[in-house]
Amino acid sequence: IETCIDQKIKKVVALSTDKASSPISLYGATKLVSDKLFTASNSSYAQSHKTRFAVVRYGNVMGSRGSVIPLFSSLKDTGELPITDLKMTRFMISLEQAIDFVRFAFEEMQGGEIYVKKIPSIKVTDIAKTILPKAKFKIIGIQPGEKLHEQMISKEEINSTFEYTNYYKILPQTNKSSKNKLLIKNGKKVSEGFVYSSDNNKDWMTKSDLKKWINKNTNNIGKI
């Protein structure tokens, strides 16, 4: 942050993660701190700089290293796949979608916002069945620091969250932000009790859609 200000960078978009929303792990807690630092830096230093900071928050990129798709793909020949919990769900975003959303944030940002793209959810068991239709499931239980469902926007953030056609925007939690037309634009404030998590999502990815994506991106799985 200080380097960007010193070098008079015009705009900065920090990459966050679903784990920053109601964190239960040290990694998630540090990402939440990062979100807070970047968004607060727009009003820090007594407004002595012109650098603008925003954040884009999304989950694991489909097919990326450490995600479940390359793991399941590597175990296909065993006939058995490890499942944390039969009820587990995850958000799904492609690398192209993530990059395009960051570009959008650069163009749209005023400073201090957290952008959350609307993306589909899927059951982890459906991912497993897509990759290995006749797989046997080995239930291994939730691992330390792991959530049953991913969360992008917590209940603590809803008072400053606005909805748009393809995304949500969490505004800086200040009294002025709630009335700032440049920040809000045509956004609609989310309803009381709203939480954006992978289990209560309105948009769900089908096994057919996932299969098409896997077939198209086979050579890149595990290399992102």
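# Buried residues, helices and ring pairs

Leaving aside its neighbours within four places in sequence, Ser 41 is in contact with Ile 1, His 49 and Phe 53. The model described here is a predicted one. Ser 41 belongs to the loop that runs between helix 2 (26-40) and strand 2, and this residue is buried, its relative accessible area being 6%. From Ser 41 to Leu 75 there are 34 residues in sequence and 45 Å in space, C-alpha to C-alpha.

Thr 17 is a residue of strand 1. Thr 17 is buried, with 6% relative accessible area. Its side chain makes a polar contact of 3.4 Å with the side chain of Asp 18. When neighbours within four places in sequence are set aside, the contacts of Thr 17 are Tyr 27, Lys 31, Arg 57 and Tyr 58.

Helix 4 (residues 95-108) is made of 14 residues. From its first C-alpha to its last, helix 4 reaches 20 Å, close to the 20 Å expected at 1.5 Å a residue. Which residues of helix 4 are buried? They are Ala 98, Phe 101, Val 102, Ala 105 and Glu 108. Seen down the helix axis, these buried residues fall within an arc of 135°, so they line one face of helix 4. An α-helix has 3.6 residues a turn, so residues three or four places apart point the same way. On the face turned away from the buried side of helix 4 are the exposed residues Arg 103 and Glu 107. The buried residues of helix 4 pack against strand 1 (11-17), strand 2 (52-58), strand 5 (114-117) and strand 10.

The buried residues of helix 5 are Val 124, Thr 125, Asp 126, Ile 127, Ala 128, Thr 130 and Ile 131. Their cover includes helix 3 (68-74) and helix 7 (207-216). It also includes strand 3 (80-83), strand 4, strand 6 (121-123) and strand 7 (136-139).

## Aromatic pairs

Across the whole structure, a search finds 11 aromatic pairs. In the pair of Phe 91 and Tyr 196, the ring centres are 5.0 Å apart and the planes stand at 50°, so the pair is tilted. Phe 91 lies in strand 4 (residues 89-91) and Tyr 196 in strand 12 (residues 196-197), so this pair ties together parts that are 105 residues apart in sequence. Phe 91 counts as buried at 2% relative accessibility, and Tyr 196 is buried at 3%.

Tyr 168 and Tyr 196 also form a tilted aromatic pair. Tyr 168 lies in strand 10 (residues 167-170) and Tyr 196 in strand 12, so the pair ties together parts that are 28 residues apart in sequence. Both Tyr 168 and Tyr 196 are buried. The values for the two pairs are set out below.

| Pair | Centre to centre | Angle between planes |
|---|---|---|
| Phe 91 and Tyr 196 | 5.0 Å | 50° |
| Tyr 168 and Tyr 196 | 5.0 Å | 50° |

What sits over the ring of Tyr 168? The charged end of Lys 118 does, 5.1 Å from the ring centre. Elsewhere, ring pairs link Phe 101, Phe 104, Tyr 115, Tyr 164 and Tyr 167 into a cluster. Phe 101 is also one of the buried residues of helix 4.

Terms used. Residues numbered from 1 in each chain as written. Predicted model: local features only at pLDDT ≥ 70, side-chain atom pairs only at ≥ 80, totals over all residues. Heavy atoms only, no water. Phe/Tyr/Trp six-rings, centres within 6.5 Å; stacked < 30°, edge-to-face > 60°. Helix = DSSP H or I, 4+ residues; strand = E, 2+ residues; numbered from the N terminus. Buried < 20%, exposed > 50% of the residue type's maximum accessible area, 1.4 Å probe, protein only. Lys NZ or Arg CZ within 6 Å of the ring centre and 35° of its normal. Expected span 1.5 Å × (residues − 1). Arc of directions from axis to C-beta. Contact = heavy atoms within 4.5 Å. Polar contact = N/O pair within 3.5 Å; in protein donor to acceptor, adjacent residues only side chain to side chain.
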